[in-house]
Amino acid sequence: MHKRLIIIGSGPAGYTAALYSARANLEPLVIAGNQSGGQLMITTDVENYPGFPEGIQGPELMEKFRKQATRFGAEIIDKDVTSVDFKKKPFVIKVEDEIYTADAVIISTGAQAKWIGCELRLRGHGVSACATCDAFFFKGKDVIVVGGGDTAMEEATFLTKFASHVTIVHRRDKLRASKIMQEKARSNPKISFVWDSEIADVVGEDKVEQVVLRNLKTGKTETVKTDGLFIAIGHEPVTSLFKGQIETDSKGYVKVHEGTHTNIVGVFAAGDVVDHRYRQAVTAAGMGCQASLDAERYLEGTVIEAMEPLKVS
Ligand code: NAP
């Protein structure tokens, strides 16, 4: 099937690109992924998305994005792309046995949680990166959250609704999280902190029973009993699909210039797959809009003027 524009990935960037390009009559196809909606689908309260003064749940916000895009004719399929070929024109995108071609592509595959390594063996058996998904299993139990950013504070705060105690283990003695999120965690009587420490090992046959903490200043290790281990140490871009096809930086984020243009003319990128600096739903949505406008100009053939370098007099 041939399309003028295919958007790979959903989330705020992909759905906003779909909304704008559908309204521009580009009849976009969104290949949204098996787990459509992106990271907001595993978030609870979103209190900083403008337009929702009382806050909104992440999944509900994404449902609204999706509805708004389909209202204007965006077609969405909830499957993973299996391969792409950006060396051919039109571009080729495979979804299992189905082959799609497109004149322009927007990449908005987002980012995913990072892991430490030693805990992977017990993923799903006490180890998780999603409190929203798994907190319920830790009713009345003790859990550890690793990380010092907003995600760690959010996960820890959410976990206190179920767990009897939450210990945040952070590798430094200063949190990276925003003031408001720090305050929420620090003032919660069910949360305590272990500073300057990392998880050296996880102990347990078929479920988490203990973790070995290593103090990074003294080198001393200590074994602590726990029922669960939540990893909240940041994210990495979902770009393995595009390896060898598109230019990325050393961390794998897609490189863009002049707005959302990648190194392949006709391929654009937006959201967390590009942005390791702001990584907010609202900034991703803004970039999705930019990518749609860039793709529209490219498809109309006006991109050359738009991309002329600035003349300095
Ligand atoms: P982040 O800000 O990158 O923080 C990651 C944390 O994990 C840092 O404290 C970091 O330590 C630690 N860390 C990284 N690698 C580690 C490792 N291998 N071992 C141990 N610790 C490690 O990531 P994030 O918390 O996921 O937040 C990402 C973005 O989403 C941010 O822009 C944040 O503001 C946003 N966010 C917003 C909300 C909200 O507003 N509701 C909620 C969640 C996330 P160092 O500090 O030492 O580097």
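Modeller: Residues are numbered from 1 along each chain as its sequence is written, and side-chain values use heavy atoms, leaving out hydrogens and water. Because the model is predicted, local features need pLDDT of at least 70 and side-chain atom pairs count only at pLDDT 80 or more, while totals for chains, interfaces and linings use all residues.

Biologist: What is the order of the open sheet of 5 strands?

Modeller: Strands are DSSP runs (E, at least two residues), helices are runs of H or I of at least four residues, and both are numbered from the N terminus. Two strands pair if DSSP finds at least two bridges between them. Here the pairing is parallel, and the order is E10-E17-E11-E12-E13.

Biologist: Which strands stand at the edges?

Modeller: An edge strand has a single partner, so one side is left without a neighbour in the sheet. That holds for strand E10 (127-128) and strand E13 (191-194).

Biologist: In E12, what is the bridge partner of Asp 142?

Modeller: Strand E11 (residues 142-146) pairs with strand E12 (residues 165-169) in the parallel sense, over 5 bridges. In E12, the partner of Asp 142 is His 165.

Biologist: Which residue follows H6?

Modeller: H6 has buried residues, including Ala 281, Met 287 and Leu 299. After the helix comes a residue whose phi is positive, near 85 degrees. That residue is Gly 301.

Biologist: What separates the C-alpha atoms of Ala 24 and Glu 296?

Modeller: Ala 24 sits in the loop between helix H1 (11-23) and strand E2 (29-31). Ala 24 is partly exposed, at 24% relative accessible area. Along the chain, Ala 24 and Glu 296 are 272 residues apart, yet their C-alpha atoms are separated by 7.6 Å.

Biologist: How far does a polar side-chain atom of Arg 176 lie from an oxygen atom of the ligand?

Modeller: Arg 176 is among the residues that come nearest to the ligand. For Asn 48, a polar side-chain atom lies 3.1 Å from a ligand oxygen atom. For Arg 176, the distance is 2.7 Å.

Technical notes: Buried means under 20% relative accessible area, exposed over 50%, partly exposed in between (1.4 Å probe, protein chains only). A residue is near a molecule or strand if one of its heavy atoms lies within 4 Å of it. A polar contact is a pair of N or O atoms within 3.5 Å; within protein, one must be able to donate a hydrogen and the other to accept it, and residues adjacent in sequence count only if both atoms are side-chain atoms.
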